[in-house]
Amino acid sequence: MIPISDNIRTRSKPIINYWLIGINIAVFLWELKLELSGELGYFVSSWGIIPAQINGAITNALFNPAAWIVVFWRLFSLLFGMFLHGSFSQILGNLLFLWVFGKTVENFLGTRQYLTLYLAAGILTGIAQILVEPNLTVPIIGANGAIAAIIGAYVMKFPQTKIDTILPLIIVYIPIELPAFFYVFWWFIQQLFYGIGSLNIPPAGVNAPSIAYWTQLIGLFIGMAFIRLKR
């Protein structure tokens, strides 16, 4: 099921949403370039969230103050890692949901609060992933936590809004309308297919099917709580 749009009119152009989509696409194109040159594995290992490396850096910093430089450098992956994606299906799925739900949430919250929600949810989800599986050595990347927060905010504010949806059946496409809250469930179901079209990221790929990867559910609650406080 592919969401296309909602029926809520926006008062202004969702500039931040456009920028977020554009940045994600630009970074993914850069990843494709690095994959062709064989440098993608090093790039993702440097900028993706690797809980074991971050925890190791923090442990070393407790006994060596100079090591805090490494800690701060590794923690930057909490921000940059959310703009990396490991497969075509992951980035297409994330950006499709961002396109459909993000513009309405930005229109409601305003540009500053919308950007704050997006970045804060992505960073807090990353922190949760580190705490849940501190010894994980496979990089965790993607905007999944931030997108989950946008969906959570949307559903909290517009739970009964109908979403124009395409239901593809082999070569037939059936247009239907589904309530917004349905996409809370569908969002997490479609994560199972995010390995389709994976990039070649040595040595062990990214986003292992672990508990840490599924902590993006926290992003959903962050979005809901944000709207709750907004009220």
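In which helix does Ala-121 lie? Ala-121 lies in helix 7, where helices are DSSP runs (H or I, at least four residues; strands are E, at least two) numbered from the N terminus. The model is predicted, so local features need pLDDT of at least 70 and side-chain atom pairs count only at pLDDT 80 or more, while totals for chains, interfaces and linings use all residues. Residues are numbered from 1 along each chain as its sequence is written, and side-chain values use heavy atoms, with hydrogens and water left out.

**Nonpolar cores**

- A nonpolar core is a set of buried Ala, Val, Leu, Ile, Met, Phe, Trp, Tyr and Cys residues joined through side-chain atoms within 4.5 Å; buried means under 20% relative accessible area, exposed over 50%, and partly exposed in between, with a 1.4 Å probe and protein chains only.
- The largest nonpolar core holds 51 residues, and Leu-98, Phe-101, Tyr-118 and Ile-151 have the most contacts inside it.
- Two or more residues of this core come from each of helix 1 (15-37), helix 2 (40-47), helix 6 (88-109), helix 7, helix 8 (144-157), helix 9 (182-190) and helix 10.
- Helix 8 supplies the largest share of this core, nine residues.
- Ile-151 is in contact (heavy atoms within 4.5 Å) with Phe-97, Phe-101, Tyr-183, Val-184, Trp-187 and Leu-220, leaving aside its neighbours within four places in sequence.
- A second, separate core has six residues, among them Ile-54, Ile-130, Leu-136 and Ile-140.
- In soluble globular proteins, nonpolar side chains tend to be buried together.

**Helix 7 with helix 10**

- Helix 7 (residues 111-132) packs against helix 10 (residues 217-230) at an angle of about 145°, and their axes are 9 Å apart; axes are lines fitted to C-alpha atoms, for helices over the stretch in contact, and angles run from 0 to 180 degrees between N-to-C directions.
- The crossing of helix 7 past helix 10 is right-handed; a crossing is left-handed if the near helix is turned anticlockwise from the far one by less than a right angle, and right-handed if clockwise.
- On the helix 7 side the contact uses Gln-113, Leu-117, Ala-121, Leu-124, Thr-125 and Ala-128, which meet Ile-218, Gly-219, Ile-222, Gly-223, Phe-226 and Lys-230 in helix 10.
- Seven of the residues in the contact of helix 7 with helix 10 are nonpolar, four are polar and one is charged; Ala, Val, Leu, Ile, Met, Phe, Trp, Tyr, Cys and Pro count as nonpolar, Asp, Glu, Lys and Arg as charged, and the others, Gly among them, as polar.

**Helix 6 with helix 7**

- Helix 6 and helix 7 pack at an angle of about 130°, with their axes 7 Å apart.
- That angle makes helix 6 oblique to helix 7, since angles under 35 degrees count as roughly parallel, over 145 as roughly antiparallel, 65 to 115 as roughly perpendicular and the rest as oblique.
- Helix 6 passes helix 7 in a right-handed crossing.
- Leu-98, Gly-102, Val-105, Glu-106 and Leu-109 of helix 6 make the contact with Thr-111, Gln-113, Tyr-114, Leu-117 and Tyr-118 of helix 7.
- The contact of helix 6 with helix 7 divides into six nonpolar, three polar and one charged residues.

**Helix 3 with helix 4**

- The axes of helix 3 (residues 51-61) and helix 4 (residues 68-75) cross at roughly 155° and come within 8 Å.
- Helix 3 and helix 4 are therefore roughly antiparallel to each other, and helix 3 passes helix 4 in a left-handed crossing.
- Gln-53, Ile-54, Ala-57, Ile-58 and Ala-61 of helix 3 make the contact with Trp-68, Val-70, Val-71, Arg-74 and Leu-75 of helix 4.
- The contact of helix 3 with helix 4 has eight nonpolar, one polar and one charged residues.

**Single residues**

- Ala-121 is buried, with a relative accessible area of 0%, and touches Gly-145, Ala-146, Ala-149 and Ile-222, not counting residues up to four places away in sequence.
- Gly-152, in helix 8, is buried at a relative accessible area of 0%.
- Leaving aside neighbours within four places in sequence, Gly-152 is in contact with Leu-220, Gly-223 and Met-224.
- Trp-30 lies in helix 1 and counts as partly exposed at 43% relative accessibility.
- The peptide bond from Pro-202 to Pro-203 is cis, with omega near 5°, and Pro-203 lies in the loop between helix 9 and helix 10.
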